[in-house]
Every structure is written in structure tokens, then in C-alpha cells.
Amino acid sequence: MRKTMLLEKKRTIEKELGEDEFGDLSSEESGGYKKRIKEAKMTKEVEEKAKKELKRLSQMSPHNPEGGYLRNYLDWLCDMPWSRTTANNVSISNAEKILDKDHYGLGKAKERILEYLAVMKIKKSKKNADKKEKQNDEAQPTILCFIGPPGVGKTSIGKSIARSLGRKFVKMSLGGLKDEAEIRGHRRTYVGAMPGRIIQSIKDSGVSNPIFMLDEIDKLGSDFRGDPSAALLEVLDPEQNKEYSDHYLELDYDLSKVLFITTANTTLSIPSALLDRMEVIEFSSYIEDEKVMIAKQF
């Protein structure tokens with residue numbers, strides 16, 4: 001009883017001196033978190049989790065080291081774009097102009113990309129015409145895989161697609177990546193735990209429907225820390241990525257609105273299970289005449 005009484009006195013003195021900001025939540029900080037949770041427009045499940053963690057933090061001892069971890073976790077939940085999106089303006093004529101302006105040649109690849117965008121436009125107009133089929137039409141489109149030698153414009157054509165659709169562009173390089181936690185994130189029990197790079201990139205983009213380019217998917221490695229290519233199966237599978245689970249967030253995040261594009265130099269080193277989920281578009285190298293035109297015009 002004496003110890004409890006002394007701790008209460010100590011807490012009161014710390015509050016009066018304004019030295020409790022790193023301990024229990026002040027009313028100002030608590031109100032700030034409540035406002036951020038409300039403005040984040042989370043799903044019901046995520047909002048309940050965030051409020052539960054905020055309650056835990058407010059009841060926690062000021063000397064508990066877990067307080068810092070909980071603050072970091074709440075910051076991630078509040079900063080994630082749960083419902084923020086950009087408009088998906090599919091204009092085939094505009095896309096064709098941008099592709100021709102940014103890239104010379106690549107006739108077959110451009111034709112296939114325009115066909116892909118045309119299908120997206122048809123699905124969008126169909127969804128608007130019949131709201132009953134909304135759930136079916138929101139399934140993720142086919143994942144494109146650009147295959148070709150270095151320097152033919154695989155990554156830059158991804159940027160052109162994003163520009164033609166008016167959506168944010170996010171790039172993540174997979175070359176030499178061996179740790180599965182880089183994709184799925186670390187458990188919150190570890191010191192310095194962070195979400196995986198997929199979730200980090202989505203957060204940095206600020207929207208839940210960017211054009212997401214996974215570069216050098218054929219350069220993935222695997223060792224005792226896990227197999228990143230197996231972790232990517234859930235990310236790239238339209239049937240699974242609606243409820244993508246990151247180890248750090250411990251909550252389902254909907255990746256079905258993200259348009260994934262992958263690049264590689266060859267299909268030989270891509271695992272067959274991963275390759276089956278993608279549609280390959282081949283980028284051939286340029287002939288000498290095309291190189292001369294690129295040097296003159298670009």
C-alpha cells in the first residue's frame with residue numbers, strides 16, 4: 001500500500017512538472033490519436049484494434065518500455081491509406097499518346113499494354129452499369145510481367161502506364177533479396193520490428209491503389225531466413241491478396257486495388273508457381289536503326 005501511494009505521488013509530481021510525456025498518455029496526445037483514428041477511415045476490424053491498443057497504452061505504467069512500441073504501432077495504423085485512392089482514368093487514346101511520346105519502337109509490347117488497359121476500361125464501365133456485379137468486377141486484373149534485356153524500357157514503361165492512368169507509381173527492387181521478412185515484415189515482439197516493404201511502399205505512396213512495380217523478380221534468392229518468392233505468392237495471387245496479412249500489422253490489408261507489374265531479364269529463374277500468376281510480355285532489344293532514332297529523338 002505504501003509503495004502504491006508513493007507511486008501515485010510520484011506520478012502526480014511528474015504531471016505537474018510536465019515530465020510524464022513519455023509515460024502515460026497525456027489527454028492532448030490521447031485526443032490526437034483518437035482524431036487520427038477517426039480520420040484514417042479504417043475498416044471496422046482495424047478501428048477496433050486501434051482503439052484497443054490506445055486503451056492499453058493509456059492504462060500502461062509510464063516506465064513500461066512497451067509504450068514506445070505501441071506508439072509506433074498506432075502511428076502505422078493511422079498512417080496507412082485504408083480507404084484513400086486516386087481516380088482510375090482509363091483513356092486508351094491518351095495512353096497511346098503517352099506511350100509513343102515516352103518510348104520509341106516496342107510495337108507489340110505497346111499493343112498488348114493498350115489491350116490490357118482496354119479490358120480495364122470495359123470492366124469499369126460494366127461495373128458502373130451494373131452495381132450488383134461490383135464485387136466480381138473489383139477482382140484484381142492480370143499481373144503483367146515484362147521480360148527483356150536490361151535497358152529496353154521495362155521500368156520506364158511502367159511509369160508511363162501510371163501517368164496515363166493518373167495513378168501513383170511505386171517501385172520496389174527485389175534483386176538480391178533473401179529475407180522473407182523483407183516482404184512480410186517482422187513480428188512485433190522483436191526489437192526494431194517493421195512492416196514488410198510491400199506495406200511500407202503502400203504507406204509511402206499515400207493511396208491504396210498505386211501502380212506497384214516489382215523490379216528484377218528473377219533475381220530473388222532464398223536461404224535460412226526463408227523464401228521471398230513463396231511470400232510473394234500471396235501478394236500476387238488475386239484470390240489471396242484481398243486479405244494480405246503482414247506480420248507486423250497482424251491485420252488484413254486489401255491489395256486487390258493495387259495494379260502489380262513485374263520485370264525480369266529471363267523467365268528461367270522465376271519459380272513456376274509465381275510465373276503462372278503473371279502474363280508475360282516480351283521486350284525485344286533494339287535494332288541499329290531504332291537506336292539511331294532514339295539517340296536523335298530522346
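What share of the contacts in the chain between residues at least 6 apart in sequence join residues at least 24 apart? It's 76%, with contact meaning heavy atoms within 4.5 Å.

Quick housekeeping. This is a predicted model, so local features need pLDDT of at least 70 and side-chain atom pairs count only at pLDDT 80 or more, while totals for chains, interfaces and linings use all residues. Residues are numbered from 1 along each chain as its sequence is written, and side-chain values use heavy atoms, with hydrogens and water left out.

Okay, the overall picture. The chain has 13 helices and seven strands; those are DSSP runs, helices being H or I with at least four residues and strands E with at least two, numbered from the N terminus. Along the principal axes, the C-alpha atoms fill a box of roughly 90 × 50 × 40 Å. Of the 298 residues, 40% count as buried. Buried here is under 20% relative accessible area, exposed is over 50%, and partly exposed is in between, using a 1.4 Å probe and protein chains only.

Now the aromatics. Rings of Phe, Tyr and Trp (its six-membered ring) pair if their centres lie within 6.5 Å; planes under 30 degrees apart are stacked, over 60 edge-to-face, and the rest tilted. By that rule we get four aromatic pairs. One of them is W82 with Y253: centres 5.2 Å apart, planes at 55°, so tilted. W82 sits in the loop between α4 and α5, Y253 in strand β5, and 171 residues separate them. Both W82 and Y253 are buried.

Then there's F146 with F283, centres 4.9 Å apart and planes at 50°, so that pair is tilted. F146 is in strand β1 and F283 in the loop between β7 and α13, so the pair ties together parts 137 residues apart in sequence. F146 and F283 are buried.

We also have charges over rings, meaning NZ of Lys or CZ of Arg within 6 Å of the ring centre and within 35 degrees of the ring normal. R188 puts its charged end over the ring of Y73, 3.7 Å from the centre. K203 does this over W76, at 4.2 Å from the ring centre.

Last stop, the backbone. Most residues other than glycine have a negative phi. K41, though, has a positive phi near 50°; you'll find K41 in the loop between α2 and α3, exposed at 62% relative accessible area. E250 has a positive phi too, about 60°. E250 is in the loop between β4 and β5 and is partly exposed, at 38%.
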